[in-house]
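Here are my notes on the model. Please read them with the coordinates open.

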Amino acid sequence: MRTETQTSSAYKEYIAGLAGGLATVAVGHPFDTVKVKLQKHNTETHGVKYKNALQCSTRILTNEGVKGLYRGATSSFLGMAFEGSISFGLYSQLKQSLQGELNSSKPQLQAIIPAAASVGSIISFILCPSELVKCRMQVQGTDSLISRNDRYSSTLDCISKTYKNEGVKGIFRGGSATFLRESVGNSVFFSCYEYSRYYMRFQLDSSLSGHRDQQLKVLTDVGVGIVSGGLAGVAFWLTVLPVDVAKTVIQTAPNTKSSRNPFQILGSIYRKTGFRGCYAGLGPTLARAFPANAAAIVSWELTAKFLGIRPDRD
């Protein structure tokens, strides 16, 4: 039976996770817009092709201004708020449960991977609809082949038209690709985060064992969070970017009867554009991955400490 203290602690962990999710969008959404455009345009046979992320960014800023980089941010903020809350909060709970009475401070893969994969599987059902709306809003801006009559005027308009034309099934288009990306990606993310954090703290604790300066300790914690979060984000996207490319193609395809199998889509992309097409958007993805995930981890950890809990219980 859960005690009142455990219930309060669990609630605070979800609040801390919410802060992490919001920080991810605030820092990373402009990079994500560029990534989605590269994935959409540079995997198609017809239409505008971008030479690189810089050209894509320049065209967006020239034609739409900064607002263009935050196209689709409303659904992204909502989706990532829920994702961050569930991802970080539930991960902490599941990892603690799987570790049981184990007192070792060293990360335990037998607890980390099942907890992370389970969380990824769950949040994929939240992310799929929000990312479908986000991607459709993002690709209809600069250089879009979508006619002005078929464009969405707002996030709500996109949701309404998608549901009207495709039903509930349309809202969850790309679900299998999202499920695969999140279950595998989260396992990689949290494993990398836990191990990099553990070894950095091990080294720093040894060298700073005689210091009691609280300000130095806070700065050290922030530094560790930045590096471990950034590295984990890069590892996540290097692992699952091809699946994400397939997801973008599936969710933005104008033909509602087109394939939803991510492996078939990747095979088609490879035949058209080669291996490079499977990693379309790699530049802005990695440029986004480090700062966005560093911001998420630091926000998560600092909010958890402010609320009087630890982001994990090693």
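The points below go from the overall fold to the cores and then to one helix pair.

1. Basis. This is a predicted model, in which local features need pLDDT of at least 70, side-chain atom pairs count only at pLDDT 80 or more, and totals for chains, interfaces and linings use all residues. Residues are numbered from 1 along each chain as its sequence is written, and side-chain values use heavy atoms, with hydrogens and water left out.

2. Fold. The protein chain has 11 helices and 0 strands. Helices here are DSSP runs (H or I, at least four residues), strands likewise (E, at least two), numbered from the N terminus. Of the 314 residues, 49% count as buried, meaning under 20% relative accessible area with a 1.4 Å probe, protein chains only; over 50% is exposed, and in between is partly exposed.

3. Contact range. Take contacts with a separation of 6 or more in the protein chain: residues 24 or more positions apart account for 81% of them. Contact means heavy atoms within 4.5 Å.

4. A nonpolar core is a set of buried Ala, Val, Leu, Ile, Met, Phe, Trp, Tyr and Cys residues joined through side-chain atoms within 4.5 Å. The largest one has 33 residues, and F88, Y91, F189 and F190 have the most contacts inside it. Elements giving two or more residues to this core include α1 (4-41), α4 (73-99) and α7 (175-207). The largest share, 8 residues, comes from α8.

5. F190 and the second core. Leaving aside neighbours within four places in sequence, F190 is in contact with S87, F88, Y91, I112 and A116. A second, separate core of 6 residues includes V34, Y50, C56 and I60.

6. S187. Is S187 buried or exposed? It counts as buried, because its relative accessibility is 12%. S187 lies in helix α7. Beyond neighbours within four places in sequence, S187 is in contact with I113, A116 and A117.

7. Helix pair. Helix α5 (residues 109-139) and helix α6 (residues 155-171) pack at about 125°, with axes 11 Å apart. Axes are lines fitted to C-alpha atoms, for helices over the stretch in contact, and angles run from 0 to 180 degrees between N-to-C directions. The two helices are therefore oblique to each other: under 35 degrees is roughly parallel, over 145 roughly antiparallel, 65 to 115 roughly perpendicular, and the rest oblique.

8. Pair contacts. Residues of α5 at the contact include C128, P129 and L132; those of α6 include T155, C158 and I159.
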